[in-house]
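Hi,

Here is the model I said I would pass on.

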Amino acid sequence: MPAAVVDAQSAHAAGVQRLVQSYQAAPATTPIRLAKATSNLFRTRAANNGRGLDTSGLTGVIAIDAEARTADVAGMCTYDDLVAATLCRGLAPLVVPQLKTITLGGAVTGLGIESTSFRNGLPHESVLEMDILTGAGEILTASPGQNADVYRAFPNSYGTLGYAVRLRIELEAVKPFVALTQVRFHSVIDLVAAMDGIMATGSLDGVLVDYLDGVVFSADEGYVCVGRQTSAPGPVSDYTGQQIYYRSIQHDRGVTDDRLTIHDDLWRWDTDWFWCSEAFGAQHPLIRRVWPGRYRRSSFYGKLMRIEQRFQIGDRIEKLNGRPPCERIVQDVEVPIARCAEFLDWFLRAVPITPIWLCPLRLKGDDRWPLYPIRPGQNYVNVGFWSTVPVGSSDGATNRLIERKVGELDGHKSLYSDSYYSRPEFDELYGGDSYRTTKKRYDPDSRLLDLYSKAVQRR
């Protein structure tokens with residue numbers, strides 16, 4: 001075994017030991033949490049002054065088996081670091097969520113998605129096995145054949161059943177470049193129908209597609225964006241500098257083409273946090289010239305957002321301009337593709353937010369995942385929208401309106417942001433009975449918060 005792998009394994013074992021020791025030292029009356037430098041959660045949470053669990057040794061890639069196309073990865077390893085370790089071997093995770101600081105463990109316990117999800121499903125489906133620190137303080141291995149109940153319940157549990165300290169995942173071979181095609185549509189019905197057709201055939205105009213997503217700018221302007229891996233050399237675009245990726249999609253012609261390196265394609269949304277960097281002025285040409293490149297990334301915008309929330313800067317500005325405060329709408333929902341056009345038509349009329357991101361997905365396998373029970377074999381579209389609207393007549397009025405509409409259309413909502421469900425509604429949507437059974441087995445003393453307390457009650 002190479003010395004570098006032995007060193008990585010030894011460092012990981014020491015990190016697991018420190019994690020367990022910090023868990024054992026945590027007061028029984030204090031909610032357990034991880035000590036993390038970054039977070040991609042957008043829930044407002046109650047202050048927790050307790051010391052977080054030591055994850056300092058759980059941030060790296062442990063080993064890569066290029067022949068088997070697998071990787072053993074620490075739970076707190078970011079996709080930025082994971083991709084850096086795999087691309088140099090011509091490999092990549094089956095799904096690479098769009099923001100660099102999302103961790104592998106976070107994407108599995110909290111769900112993740114990207115433009116390979118129409119063919120590779122969700123990140124947890126590529127997990128062959130994982131080691132979990134449970135609420136009982138034990139390290140156990142979970143896989144389809146070992147502790148299968150917690151393996152199935154772990155996705156969408158958001159750390160309420162335990163924390164993944166090691167995950168073995170599948171990888172796939174990738175080529176060095178991605179050829180992009182952006183197809184304009186003048187109605188959401190036609191756009192969604194085109195996505196459905198690509199999902200059915202895996203191709204556009206007879207050519208196989210590797211990546212598929214889309215953007216809706218208005219009721220009569222939307223784009224399907226497809227990518228095809230290629231080894232052919234040639235010029236590539238750069239959207240890490242003055243050019244902005246999502247703006248490059250827009251055009252008056254029917255079809256436009258582009259090229260990126262595989263690295264830049266995987267991170268094409270991170271530089272401007274999709275389009276949300278505009279809120280901080282980072283897209284203004286003059287400001288962008290002096291905005292340091294190392295701060296043009298999602299993690300930095302996230303820090304700015306948390307500062308804004310802490311001091312309520314946005315609401316203060318609205319008040320100075322004689323406008324009401326704002327309600328934050330930062331959500332991703334999964335809607336069956338057969339109902340997607342209906343949802344988009346409603347959303348564009350009811351909620352004043354654009355652009356809207358579309359990411360088709362279908363579970364890779366036939367397995368069911370009880371805490372996020374979307375149906376195997378059915379096509380869905382993830383619809384992402386991230387902005388603010390004027391406050392309504394009650395707390396979270398627009399968020400509640402969206403939750404009801406998604407429910408009417410047999411969809412599901414991710415839990416990384418604010419939720420307003422009653423407990424009966426939540427139990428029905430997120431595997432209540434199955435979750436409680438698994439929770440009782442692996443966290444018998446309730447050292448970890450339960451999912452409703454965390455996702456809805458913001459604890």
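**The second largest pocket**

The lining of the second largest pocket splits into four nonpolar, three polar and six charged residues (Ala, Val, Leu, Ile, Met, Phe, Trp, Tyr, Cys and Pro count as nonpolar, Asp, Glu, Lys and Arg as charged, and the others, Gly among them, as polar). A quick note on provenance: this is a predicted model, where local features need pLDDT of at least 70 and side-chain atom pairs count only at pLDDT 80 or more, while totals for chains, interfaces and linings use all residues. Numbering runs from 1 along each chain as its sequence is written, and side-chain values use heavy atoms, with hydrogens and water left out.

The space in this pocket comes to about 230 Å³, a volume being the space filled by probe spheres set on grid points joined across faces, edges and corners. On a 1 Å grid over the protein atoms alone, a pocket is an open set of points where a 1.4 Å probe fits, with protein on both sides within 12 Å along at least five of seven lines, and lining residues have an atom within 4 Å of a point. There are 13 lining residues, and Glu403, Arg404, Tyr421, Glu425 and Leu429 are the closest to the centre. Helix H13 (397-408), strand E16 (412-413) and helix H14 (423-429) each give two or more residues to the lining, with H13 giving the most, five. Helices (H or I, at least four residues) and strands (E, at least two) are DSSP runs, numbered from the N terminus.

**The sheet**

E16 turns up again in an open, antiparallel sheet of eight strands, ordered E12-E7-E11-E10-E14-E15-E13-E16; two strands pair if DSSP finds at least two bridges between them. Strand E12 (255-261) and E16 are at the edges with a single partner strand each, so one side of each has no neighbour in the sheet. Inside the order, E14 (residues 356-361) and E15 (residues 380-390) pair antiparallel over five bridges, and Cys359 has Asn382 in E15 as its bridge partner.

**Two backbone spots**

The peptide bond from Thr354 to Pro355 is cis, with omega near 0°. Pro355 sits in the loop between helix H12 (337-350) and E14. Asn156 has a positive phi, near 75°, in a residue other than glycine, and lies in the loop between helix H5 (148-153) and strand E6 (162-173).

Cheers
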